[in-house]
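Here is a short briefing on two interfaces and a handful of side-chain contacts. Please keep the structure open while reading.

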Amino acid sequence: MSVGPPALRSPQGTKLDEHAVEGELTLQQCSVCQTVQYPPRELCRHCLGDELNWSAVSRGGDLLAYSELQHSLEPFFQEQSPWRLASVKLDCGPVVLARLTASCPSGNIRVEVSHTTLAGSCILQASPLNMENKP
Amino acid sequence: MTVRPQPYEGVALIAPVTVPYVRYSEHSAAWFIGSALAAMLQSSGLEKDAVDGLSVSSFTLAPDSAVSLVEHFGLQTRWLEQVGVGGASGVVAMRRAARAIQCGDADVVACIGGDTADPRSFTGTVANFSQFSNDAVYPQGAAGPNAPFSLITQRYMDTTGATREDFGRISVSQRYNANHYAGALLGHKTLDMQGYLDARQVAGPLHLFDCVMPCAGADGFLVTSVEKAQELGVPWLEILSADERHNAFAADPVQLRGGWELFADDLYSAAGVSPKDIDCLQTYDDYPVIVMLQFEGLGFCKPGGGAAFVRDTVLTFDGGGLPHNTNGGQLSVGQAGLGFLGVVESMRQLLGAADKHQVPEASLAMVSGYGMVNYDRGLCSAAAILRKGM
């Protein structure tokens with residue numbers, strides 16, 4: 001039996017997938033107060049306005065933490081384990097959870113976050129940047 | 001004007017009950033919740049018709065709801081609540097029911113947290129836990145709550161210098177407590193520090209004994225008036241103070257503190273006590289790092305000082321330090337029922353009904369709740385200070 005990644009999305013999550021461009025980062029932005037938000041929702045988390053655009057935003061951010069997930073509830077991910085999961089504070093505001101493309105030490109790591117496609121499913125991934133002098 | 005909760009005077013907590021936890025069950029959540037109600041009636045001597053308020057918390061009740069249960073159980077209530085704040089639900093249900101009693105909206109409220117479990121129900125709950133989780137967490141490895149808590153734990157370790165041994169002190173002492181509580185699912189197994197450290201890795205810094213075991217079971221208690229409790233001739237407890245916060249410190253990039261510190265000082269001053277007066281503490285232990293955040297937020301140590309605190313403080317029920325999660329907590333008893341475990345355990349300790357894990361001369365108890373990882377952190381914090389009625 002072939003298994004794929006879990007595909008359950010809310011209507012807003014589906015829109016995120018639709019606006020995702022490989023290598024870019026497209027998130028919701030309020031057209032009134034310019035707040036960038038993630039995960040997607042129907043109202044601006046700051047001003048509660050509903051005029052939200054999907055905007056290409058800056059991809060840079062600080063790595064907050066990462067861990068390697070050894071166990072998954074889904075066979076698709078279990079086969080891929082360990083799954084490198086990171087939390088990233090984006091320069092444009094929100095904290096995102098993303099797959100980390102390479103293991104790295106903790107502390108003061110800059111990353112770049114972008115959309116990517118995994119077995120037909122859209123996810124965020126984070127790539128470490130300033131790794132040159134790190135062990 | 002600063003808004004603060006009014007006193008809970010005139011309110012009595014009675015009849016703590018537990019429907020024994022089991023790993024899996026063919027029974028529905030309604031069976032567990034209704035069995036808790038039956039046990040409370042037996043314990044208090046009340047007739048079913050005397051219960052005119054019901055507060056229910058469950059992750060596994062759908063498609064039914066609290067009002068469905070009113071019909072299931074043949075009740076007629078004039079006050080009804082379904083509290084859905086995850087592991088904060090026990091404390092929150094208690095304080096809301098207390099207000100209903102004070103205001104005359106109900107005479108006797110049954111507060112119950114209960115869940116069933118089958119081998120697929122946990123995955124079902126996690127896979128569709130919240131919109132944010134569906135869109136932004138579950139597609140990243142589908143590891144359930146282990147995913148965000150592995151990140152919180154790692155960040156806490158990086159920031160404060162806490163080690164795995166520090167978290168182990170919490171898990172190991174709770175297992176010792178569970179070894180003295182017949183209702184703990186893991187109580188028949190001992191756990192020492194080496195066993196904790198050698199356990200298999202689950203997610204980053206989280207290993208097997210950092211994680212709770214979902215299970216089926218129920219806990220509950222009755223909230224009524226002091227007058228009614230005295231009429232029934234049953235021992236009762238009073239709520240000295242209680243409070244809650246939701247989505248506190250939302251701008252913090254990682255959850256290294258919860259909402260407790262926003263109201264802890266008021267809890268102590270309203271109760272006229274300080275942390276050193278607390279005889280036993282029940283925290284919500286979905287993961288040891290969250291226990292540390294509660295030690296810090298509730299004033300038992302300074303922010304970031306959780307690791308040093310557990311190095312210096314004996315946490316077992318009979319160790320003379322700070323008796324903590326005295327029946328083993330969720331880490332050793334099992335996870336069911338959304339934070340009612342700590343309330344019921346606090347009540348048993350104060351009533352002197354904790355049998356082999358009784359804290360000597362426990363007269364003041366604190367219970368804390370935490371819940372609902374909607375995205376990357378738990379949103380709900382609650383806590384209360386309880387005392388034997390006099």
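**Domains and interfaces at a glance**

The C-alpha centres of domain 1 of chain B and domain 2 of chain B are 23 Å apart. This is a predicted model. Domain 1 of chain B covers 11-120 + 216-232, and domain 2 of chain B covers 140-212 + 237-388. Chain B also meets chain A, with 34 residues of chain B in contact with 37 residues of chain A. Over all chains, the whole structure holds 19 salt bridges.

**Between the two domains of chain B**

- Contact involves 38 residues of domain 1 of chain B and 34 residues of domain 2 of chain B.
- About 2700 Å² is buried between domain 1 and domain 2 of chain B, and carbon and sulfur atoms give 71% of that area.
- On the domain 1 side, B:L13, B:Y21 and B:V91 lose the most area to domain 2 of chain B. Together they account for 25% of what that side buries.
- Three salt bridges are counted between domain 1 of chain B and domain 2 of chain B.
- Eight residue pairs are in polar contact across this domain interface, with both residues at pLDDT 80 or more.
- On the side of domain 1 of chain B that touches domain 2 of chain B, the elements giving two or more residues are β1 (11-22), α3 (89-102), β4 (108-115) and β7 (216-225) of chain B.
- β1(B) gives the largest share of that side, 10 residues.
- By type, the residues of that side of domain 1 are 21 nonpolar, 12 polar and five charged.

**Salt bridges in chain B**

- B:D243 pairs with B:R95 in a salt bridge, with 3.8 Å between the closest N and O atoms.
- A network of salt bridges links B:R95, B:R96, B:D243, B:E244 and B:R245.
- B:D252 and B:R257 form a salt bridge through their side chains, at 2.7 Å from N to O.
- B:D252 is buried, at 17% relative accessible area. B:R257 is partly exposed, at 31%.

**Between chain B and chain A**

- Chain B and chain A bury about 2900 Å² between them, and 60% of it is on carbon and sulfur atoms.
- B:D135, B:Q140 and B:L151 supply 23% of the area that chain B buries against chain A, more than any other three residues.
- How many salt bridges are counted between chain B and chain A? The count is zero.
- Polar contacts between chain B and chain A number 18 residue pairs, with both residues at pLDDT 80 or more.
- On the side of chain B that touches chain A, at least two residues each come from α4 (121-127), α5 (131-136), α6 (146-160) and β5 (201-203) of chain B.
- α6(B) provides the largest share of that side, six residues.
- The residues of that side of chain B divide into 19 nonpolar, 11 polar and four charged.

- A:W83 sits in strand β5 (residues 83-90) of chain A.
- Is A:W83 buried or exposed? A:W83 counts as buried because its relative accessibility is 2%, and the cut-off for buried is under 20%.
- Beyond its neighbours within four places in sequence, A:W83 has contacts in both chains, including A:F77, A:L118, B:P139, B:Q140 and B:G141.
- The side chain of A:W83 reaches the backbone oxygen of B:Q140 at 3.4 Å.
- A:R99 is also in contact with A:W83. The two are 16 residues apart in sequence, and their C-alpha atoms are 7.4 Å apart in space.

**A:S55 in chain A**

- A:S55 belongs to strand β3 (residues 52-56) of chain A. A:S55 counts as buried, at 15% relative accessibility.
- The side chains of A:S55 and A:Q29 make a polar contact at 3.2 Å.
- Leaving aside neighbours within four places in sequence, A:S55 is in contact with A:L25, A:T26, A:L27 and A:Q29.

**Salt bridges in chain A**

- Side chains of opposite charge can pair when their charged atoms come close.
- A:D17 and A:R9 meet in a salt bridge through their side chains, at 3.3 Å from N to O.
- A:D17 is partly exposed, with a relative accessible area of 24%, whereas A:R9 is buried, with 15%.
- The side chains of A:E68 and A:R84 form a salt bridge at 3.9 Å, N to O.
- A:E68 lies in strand β4 (residues 60-69) of chain A and A:R84 in strand β5 of chain A, so this pair ties together parts 16 residues apart in sequence.
- A:E68 is partly exposed, at 25% relative accessible area. A:R84 also counts as partly exposed, at 26% relative accessibility.

Key: Residues are numbered from 1 along each chain as its sequence is written. Chains are lettered from A and ligands numbered from 1 in the order in which they are written. This is a predicted model: local features need pLDDT of at least 70, side-chain atom pairs count only at pLDDT 80 or more; totals for chains, interfaces and linings use all residues. Side-chain values use heavy atoms; hydrogens and water are left out. Domain bounds come from an automatic or database domain assignment. Contact means heavy atoms within 4.5 Å. Buried area is the accessible area (1.4 Å probe) that two parts lose on being put together, summed over both. A salt bridge is a side-chain nitrogen of Lys or Arg within 4 Å of a carboxyl oxygen of Asp or Glu. A polar contact is a pair of N or O atoms within 3.5 Å; within protein, one must be able to donate a hydrogen and the other to accept it, and residues adjacent in sequence count only if both atoms are side-chain atoms. Helices (H or I, at least four residues) and strands (E, at least two) are DSSP runs, numbered from the N terminus. Ala, Val, Leu, Ile, Met, Phe, Trp, Tyr, Cys and Pro count as nonpolar, Asp, Glu, Lys and Arg as charged, and the others, Gly among them, as polar. Buried means under 20% relative accessible area, exposed over 50%, partly exposed in between (1.4 Å probe, protein chains only).
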